[in-house]
Amino acid sequence: IPHAVLNADDVKNNTEAENEILQRAGRVGAVTVATDMAGRGVDIRPDLYDDQRLAEAVAKATQPVAILAVDAHEAQRLAGGQFDKLPILTPGMAAPQGAVVLNEADFATGGLLVLGAERHDSRRIDNQLVGRSGRQGEPGTTQFAVSLDDQVIRDYAPKGLKGWLSHHGKGHEADGRGAHMVKKAQKKVEEVHASQRETTAKYEGPEAIQRQIIYDDRRSILDGHDLTPQILKWAGAAVDTLAEPYQGHGLFHRDGISRDDAMVLADSVHDMFGVTEGLSPEGGSLEHTVTALKDEVHHLYQRRETDAGGPEAMQDKARKVFIDALDKGWSEQIEDLGNLRDGIGYRGLAQVQPEDAYKIEARRLFDEMQVRVESETLENIFRPA
């Protein structure tokens, strides 16, 4: 059977080829094989009357022929085509004496015939396919062929469908019960997809919040905001984190620190910020020691600022370092969240709601990512080039 194939991948960059196929698709006898997505949203204008059959009838006539068009528009079309030598009548006009009148309505094609090779998962998609025929009051027919091997039938149809079809034979999909079973299978698929979308939306919530935080940070950097207060705040927090083991907890909370511990703390701070020769604390008050180390880090930042060529040059460097660390951290976070989603369902085996566990774990991963971003940013800013 001569036919044309309309494939979305083949015509996506060639609209002329697509238009040509769609124009031919409405001609009498034309067969067009289309993929599920191909040509959607474009009207196919079918030939409503078979001019070839009409011409054959004219050729077989043994008497003069006149053609009765269905309306004035069709009369104009016929008069401008291959029948321009024949009398073209409109309803109500008298035929020439002795002429045989051929009624154009007797050569109606029936419009566009749409054959669906299988039922889609979604009834909405099937309805769009049905809408291909009979558009804007034109005649047309749609018919679906359903097989027990179709995925939607195999996976979701009621158990009784196979037995029912075996008992009644083929060709009963249009029967009330058969059509109901097929639609029931489609409805079940739609419910599964709706449940999947709902679950996906729950998991997308934490990622959307985190993404907004990251985008806000990037926008703030690119807008040229002064990063010095943020950098010094991170540096101070880093010193506090290093000092936590020396504070004790609860009843054992203390403010004092030995000279040896103060030296170890100072070495840790110096190692973090790349200080080769720094403060040698004597111990005593932990608060005073921590304050002195923070002041030392502050002075180190000012020296790095001078080494960079001034405040503006330092800001440029800080923005680049921060952006690079942020982009790297967010890329890793997206990958970590994907891995987390893949395995979070197993938490249900421990009587834990997977969605709740995901939110907690996603927040933990995000906090860890922020720590890595801050640490990497501080390291690249404070350490000498």
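The paragraphs below walk through this predicted model, from the chain as a whole to single residues.

Residues are numbered from 1 along each chain as its sequence is written, and side-chain values use heavy atoms, with hydrogens and water left out. Because the model is predicted, local features need pLDDT of at least 70 and side-chain atom pairs count only at pLDDT 80 or more, while totals for chains, interfaces and linings use all residues.

Let us start with the whole protein chain. It holds 13 helices and 9 strands, where helices (H or I, at least four residues) and strands (E, at least two) are DSSP runs numbered from the N terminus. Of its 385 residues, 32% count as buried; buried means under 20% relative accessible area, exposed over 50%, and partly exposed in between, with a 1.4 Å probe and protein chains only. The protein chain exposes about 23800 Å², and carbon and sulfur atoms supply 51% of that area (Shrake-Rupley method, 1.4 Å probe; for residues, only the protein chains shown count as cover). Among contacts (heavy atoms within 4.5 Å) between residues at least 6 apart in sequence, 67% join residues at least 24 apart.

Three strands, in the order 4-3-5, form an open sheet with parallel pairing; two strands pair if DSSP finds at least two bridges between them. Strand 4 (88-89) and strand 5 (100-103) are at the edges with a single partner strand each, so one side of each has no neighbour in the sheet. Strand 3 (residues 65-68) pairs with strand 5 over 4 bridges, and Ala66 stands opposite Val101 in strand 5.

Now for the aromatic rings. The structure holds 4 aromatic pairs, counted for rings of Phe, Tyr and Trp (its six-membered ring) with centres within 6.5 Å; planes under 30 degrees apart are stacked, over 60 edge-to-face and the rest tilted. One of them joins Tyr203 and Tyr358 edge-to-face, at 4.8 Å centre to centre and 70° between the planes. Tyr203 belongs to helix 8 (residues 176-222) and Tyr358 to helix 13 (residues 354-382), so this pair ties together parts that are 155 residues apart in sequence. Tyr203 and Tyr358 are buried. Phe273 and Phe382 also make an edge-to-face pair, with 4.9 Å between centres and 75° between planes. Since Phe273 lies in helix 10 (residues 259-273) and Phe382 in helix 13, parts 109 residues apart in sequence are tied together. Ring pairs link Phe273, Tyr301 and Phe382 into a cluster.

Phe273 and Phe382 also lead us to the largest nonpolar core, where they are among the members of 37 that touch the most others, along with Ile231, Leu265, Leu378 and Ile381. Such a core is a set of buried Ala, Val, Leu, Ile, Met, Phe, Trp, Tyr and Cys residues joined through side-chain atoms within 4.5 Å. Helices 8, 9 (228-243), 10, 11 (286-308), 12 (311-343) and 13 each supply at least two residues of this core, and helix 12 gives the most, with 8 residues. A second, separate core of 11 residues includes Leu54, Val58, Val65 and Ala69.

A last stop is Gln351, in the loop between helix 12 and helix 13. Its phi is near 60°, a positive value in a residue other than glycine. Most residues other than glycine have a negative phi. Gln351 is exposed, with a relative accessible area of 73%.
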